[in-house]
Amino acid sequence: MEYYVLTLFPDMITDGLHTSIIGRAIEDGVLSLEAVNIRDYTLSKHGKTDDYPYGGGAGMVMQAQPVYDAFMSIRNRIDYNPRVVYLTPQGKVFHQDMAKELALEKGIVFLCGHYEGVDERVLDEIVTDEVSIGDYVLTGGELPAMCMIDAISRMIPGVLHNNESAEDDSFGDGLLEFPQYSRPEIWRDRKVPAILLSGDHAKVDAWRREQSLIRTAERRPDLLENAVISPKERDFIRKYLANKNEL
Ligand code: 6GU
């Protein structure tokens, strides 16, 4: 996978992503990442990349020309038409299925906006997908691009290593993860659940599955509708919730 990020803050992208698992995958050559500074493509003498909005109003708008030329500097040296993701609160909300789908691409270009937005004409010209990472407002698209790159990358074979499996984490089957414990066995008078020390793998698996069901029912009941759950498990959730409400 080749990632290209069009941004006014390239250091933010490279500093953030050359760390931890994604940094390792870049070093291993499983991923490549290039942050392209939009400012390098301005034709203005003073390095200006934004201007006042036509029609008036607060803030500044990123101009079409530097964004387009920065994009073309990438397009002209690759032999395919990449998906171009514009990060904006107006976009479709990012989710795990989108991460899995984008993980199949050969390369992706991310366009990070700032100020009040980007001139609509260059968006019409180059953008294939508009994506938001949730219903809150950020100052720019860099953190959203980094979130997407992280989530997409861990779906690519070779990015996670043996002990970092993407199979049984939250959202794999549409359920939240079960709680985890490590040494010591007692910490501040709190014991690790005895079943986890029993060595009975079948019982441990059953307990973890129950914990996932309970957590999802309590914290994210909206996920249950599309989760992969047996009729027996649906019944377990119903009884658990009924029991709790009796207290
Ligand atoms: Cl993609 N951009 C900005 N500026 N704010 C956001 C967002 C994107 N997603 C959620 N909030």
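Phe9, Met12, Tyr136, Leu138 and Leu143 make a nonpolar surface patch of about 440 Å² in this predicted model. One of these residues, Tyr136, sits in the loop that runs between β7 and α6 (142-153). Its relative accessible area is 43%, so Tyr136 counts as partly exposed.

Strand β7 (residues 129-132) pairs with β5 in the parallel sense, over five bridges. Within this pairing, Val85 is placed opposite Asp129 of β7. Strand β5 (residues 83-93) is also joined to strand β6 (residues 107-112), again by five bridges, and these two strands run parallel. Here Arg83 has Ile108 in β6 as its bridge partner. Between β5 and β6 the chain passes through helix α4 (residues 96-102), giving a right-handed β-α-β crossover.

Are the two partners buried or exposed? Both Arg83 and Asp129 are buried.

A search of the whole structure finds 14 salt bridges. Side chains of opposite charge can pair when their charged atoms come close. Another example is the pair of Asp51 and Lys48, whose side chains meet at 3.2 Å, N to O. Asp51 is partly exposed, with a relative accessible area of 29%, and Lys48 is likewise partly exposed, at 35%.

Lys244 and Glu218 also meet in a salt bridge through their side chains, at 3.2 Å from N to O. Lys244 counts as partly exposed at 36% relative accessibility, and Glu218 is partly exposed with a relative accessible area of 38%. Elsewhere, salt bridges with shared partners join Arg83, Glu101, Glu105 and Asp129 into one network.

At the level of the whole protein, there is a division into domain 1 (2-153) and domain 2 (170-246). The centres of domain 1 and domain 2, taken over C-alpha atoms, are separated by 38 Å.

Terms used: Residues are numbered from 1 along each chain as its sequence is written. This is a predicted model: local features need pLDDT of at least 70, side-chain atom pairs count only at pLDDT 80 or more; totals for chains, interfaces and linings use all residues. Side-chain values use heavy atoms; hydrogens and water are left out. Two strands pair if DSSP finds at least two bridges between them. Helices (H or I, at least four residues) and strands (E, at least two) are DSSP runs, numbered from the N terminus. A crossover is right-handed if, with the strands pointing away from the viewer, the path from the first strand over the helix to the second runs clockwise. Domain bounds come from an automatic or database domain assignment. Patches are made of residues with over 30% relative accessible area and no salt bridge: like charges are joined within 9 Å, nonpolar side chains (Val, Leu, Ile, Met, Phe, Trp, Tyr) within 5 Å. Accessible areas come from the Shrake-Rupley method with a 1.4 Å probe; for residues, only the protein chains shown count as cover. A salt bridge is a side-chain nitrogen of Lys or Arg within 4 Å of a carboxyl oxygen of Asp or Glu. Buried means under 20% relative accessible area, exposed over 50%, partly exposed in between (1.4 Å probe, protein chains only).
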